[in-house]
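Please open the structure in your viewer and keep the sequence panel beside it. The tour below moves from one selection to the next and says what is to be found at each stop.

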Amino acid sequence: MKKILFLLMATLLLPTLIRAQGSMENILHEAQKITWKTPKDSLQKIINYMNNHPSNDYHYLYWNAYAHYMEYFNYKLAIPSEEKKAKNCLEQASKILSKITKSNSESLALQSLIEGLKLNFTNVFLLPIKAGKVGKLAERAIDLNPKNPRAYYALAIYDFYTPKMYGGRKVVESNLVKAISLSSTIPENSKEPNWGISESYLFLIRFYKEENQKNKAQQYLQEAKNKFPENTIFLQYKL
């Protein structure tokens, strides 16, 4: 009798479980498409769904943290009320990432970027310690997977924003060039990240522009336009 009841309950619950699984797959697919140009309301819908339907699945945690990280860029730090929201985005992203039981190259690269942004809210006396952690996270991400472009991107961003007087801006170029050289296409149904290449081009162009290397900036801008013909950031970029 118990076996019959169990089978009956399983049969009744199966459609619900299938729908839930389908919704999770859909939301992960939407999260993978997030960019700096994603409308604020669209991004918020993804975040709300993931927050209201928590899961300890690795990919679900990763993309939820990534969505919060990207939400940060919707706020202006110069406005006190928005500064608080921006800080909260990063705190939530860190909290979600901490639930990943076994860190890997991808999660560490994302964590490095998040911790780097959190330096904007760090006490000046703690900056050297906190900043050092950001760089070490990116270096560890590279050690775990030397073919991960997002790991090199994270290390480049860390160095990009480190003032020259403190040893910064020495490996920005090499790490961004390495990142774009590792560009690859992932399978259509993969849950793995594929972001970071266009971002690497953008910061490489910006770096050359700020370093008065206009020819190199023009070279990579044209390369970026060819590789991302629909990206309006590159189409409208002025050197």
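**Before selecting anything**

This is a predicted model, in which local features need pLDDT of at least 70 and side-chain atom pairs count only at pLDDT 80 or more, while totals for chains, interfaces and linings use all residues. Residues are numbered from 1 along each chain as its sequence is written, and side-chain values use heavy atoms, with hydrogens and water left out.

**The whole chain**

Along the principal axes, the C-alpha trace of the protein chain spans about 80 × 45 × 35 Å. Of the 239 residues in the protein chain, 41% are buried; here buried means under 20% relative accessible area, exposed means over 50%, and partly exposed is in between, with a 1.4 Å probe and protein chains only. If contacts in the protein chain between residues at least 6 apart in sequence are considered, 63% of them join residues at least 24 apart, a contact being heavy atoms within 4.5 Å.

**Helix 3 and helix 5**

Next select residues 58-71, which are helix 3, together with residues 105-118, which are helix 5. Two packed helices are described by the angle between their axes and the distance between the axes. For helix 3 and helix 5 the angle is about 25° and the axes are 11 Å apart, the axes being lines fitted to C-alpha atoms, for helices over the stretch in contact, and the angles running from 0 to 180 degrees between N-to-C directions. That angle makes helix 3 roughly parallel to helix 5 (under 35 degrees counts as roughly parallel, over 145 as roughly antiparallel, 65 to 115 as roughly perpendicular and the rest as oblique).

Now show the side chains at this contact: Tyr58, Tyr62, Ala65, Tyr66 and Tyr69 in helix 3 meet Glu106, Ser107, Leu110, Leu113, Ile114 and Leu117 in helix 5. The residues of this contact of helix 3 with helix 5 divide into 9 nonpolar, 1 polar and 1 charged, with Ala, Val, Leu, Ile, Met, Phe, Trp, Tyr, Cys and Pro counted as nonpolar, Asp, Glu, Lys and Arg as charged, and the others, Gly among them, as polar.

Stay in helix 3 and pick His68, which counts as buried at 4% relative accessibility. Leaving aside neighbours within four places in sequence, His68 is in contact with Ile47, Asn51, Cys89, Gln92, Ala93 and Ile96.

**Thr101, in a loop**

Move to Thr101, in the loop between helix 4 (80-97) and helix 5. Thr101 is exposed, with a relative accessible area of 83%.

The side chain of Thr162 reaches the backbone oxygen of Tyr158 at 2.7 Å, and, neighbours within four places in sequence aside, Thr162 is in contact with Gly168 and Arg169.

Arg169 lies in the loop between helix 7 and helix 8 and counts as buried, at 18% relative accessibility. Phi of Arg169 is near 65°, a positive value in a residue other than glycine.

Pro163 has its place in the loop between helix 7 and helix 8, and at 41% relative accessibility Pro163 counts as partly exposed.

**Helix 9 and helix 10**

Finally select residues 197-210, helix 9, and residues 214-227, helix 10, whose axes come within 8 Å and cross at roughly 160°. Helix 9 and helix 10 are therefore roughly antiparallel to each other. The residues of the contact of helix 9 with helix 10 divide into 8 nonpolar, no polar and 5 charged.

End at Asn212, found in the loop between helix 9 and helix 10, where Asn212 counts as exposed at 71% relative accessibility and has a positive phi of about 60° although it is not a glycine.

Methods
Helices (H or I, at least four residues) and strands (E, at least two) are DSSP runs, numbered from the N terminus. A polar contact is a pair of N or O atoms within 3.5 Å; within protein, one must be able to donate a hydrogen and the other to accept it, and residues adjacent in sequence count only if both atoms are side-chain atoms.
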